[in-house]
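The sequence and structure are shown first.

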Amino acid sequence: MFLRSAGLTGRRLLSNQTQARRMMSQGSLSGKVAIVTASTDGIGLAAARSLAQRGASVMVSSRKEENVERAVKQLRSENLSVSGTVCNVGDAEHRDCLVTATVQQFGGVDILVSNAAVNPFFGHMLDCGEDAWDKIMDINVKTAFFLTKLVVPHMEKRGGGSIVFIASIAGYQPFTGLGPYSVSKTALLGLTKALTPELSPYNIRVNCVAPGLIKTRFSSAIWKNEDVAEEFLKQQSIKRLGVPEDVGGVVAFLCSSDAAFITGETIPVAGGMNCRL
Ligand code: NAP
């Protein structure tokens with residue numbers, strides 16, 4: 001009755017089934033091939049799982065073979081299509097092998113999630129030496145660019161693709177004691193913007209995700225310290241710690257056709273923590 005009065009006749013209405021099918025095919029990543037770096041734990045593992053759950057074939061990777069084997073075994077036990085290879089993103093040969101292995105295994109590359117990061121320094125920024133700066137910028141920023149450079153020709157062959165960088169809320173508002181790390185994450189926001197117009201003509205979208213405090217090994221020094229964790233929660237609207245799955249789903253969304261008109265953006269996933277208007 002309500003539908004008729006709203007002018008929505010039966011013919012104009014999609015059946016529930018058709019709507020559901022359409023929604024599924026929009027969000028689906030069936031037939032797509034994804035590379036996720038640093039994906040044997042935490043946010044990377046959650047992103048790999050989310051992409052695979054939507055139908056993508058995913059190449060997981062990290063530095064340690066036993067971690068790769070464990071993650072592949074876990075995801076395969078969930079009936080997900082994954083393969084794995086060792087890749088320390090700081091090693092150019094490893095990056096080459098990662099892309100080559102993915103193409104050999106799955107026939108191409110449609111999605112890159114660049115997730116690896118390090119933070120070898122905590123303290124006053126002026127005390128940070130050149131070695132630590134180099135490591136932070138190399139792993140957190142440069143490898144994201146060089147991996148992009150490697151996958152673009154493969155994405156072009158497929159008629160397009162999607163790239164997602166994992167930055168941090170610290171990229172907007174530097175964290176005390178984490179100056180160089182924060183600057184590296186700000187650089188990823190810039191890299192996203194700089195690459196977007198160059199890659200759009202190839203139908204390649206570039207986006208970025210800025211997680212807040214997510215409960216992982218990487219951030220354990222923060223969330224295991226009750227006082228510090230409390231400070232974070234005070235700044236959030238959603239009063240709980242984030243979990244890797246909070247980020248994984250957003251990554252998969254950005255890689256799907258649901259996000260077909262989104263490029264050059266950074267999406268904070270931070271429980272409403274203030275970072276920008
Ligand atoms: P995590 O749970 O500690 O996982 C780190 C993963 O990275 C592991 O799989 C590790 O495996 C791998 N890894 C470390 N160094 C690597 C390298 N050089 N090359 C390849 N793989 C490497 O960390 P996470 O918290 O999920 O962090 C993932 C990303 O999210 C990072 O970019 C981080 O900056 C960002 N982030 C995290 C938070 C947070 O609160 N957790 C907040 C904002 C942003 P191996 O040891 O086997 O290499």
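The text below covers the overall fold, then the ligand site.

The model is predicted: local features need pLDDT of at least 70, side-chain atom pairs count only at pLDDT 80 or more, and totals for chains, interfaces and linings use all residues. Residues are numbered from 1 along each chain as its sequence is written, and side-chain values use heavy atoms, with hydrogens and water left out.

The protein chain has 10 helices and 7 strands, which are DSSP runs (helices H or I, at least four residues; strands E, at least two) numbered from the N terminus. Its C-alpha trace spans about 70 × 45 × 40 Å along the principal axes.

Around the ligand there are 28 residues, and Thr40, Ser62, Asn115, Tyr181 and Thr216 come nearest; a residue counts if one of its heavy atoms lies within 4 Å. Two helices, α3 (42-53) and α7 (179-199), each supply at least two residues of this shell.

The table gives polar contacts, here pairs of N or O atoms within 3.5 Å.

| Protein atom | Ligand atom | Distance |
|---|---|---|
| Ser62, polar side-chain atom | oxygen | 2.7 Å |
| Lys64, backbone N or O atom | oxygen | 3.1 Å |
| Val89, backbone N or O atom | nitrogen | 3.1 Å |

Taken alone, the ligand exposes 900 Å², of which the protein buries 95%; accessible areas come from the Shrake-Rupley method with a 1.4 Å probe.

Technical notes. A polar contact is a pair of N or O atoms within 3.5 Å; within protein, one must be able to donate a hydrogen and the other to accept it, and residues adjacent in sequence count only if both atoms are side-chain atoms.
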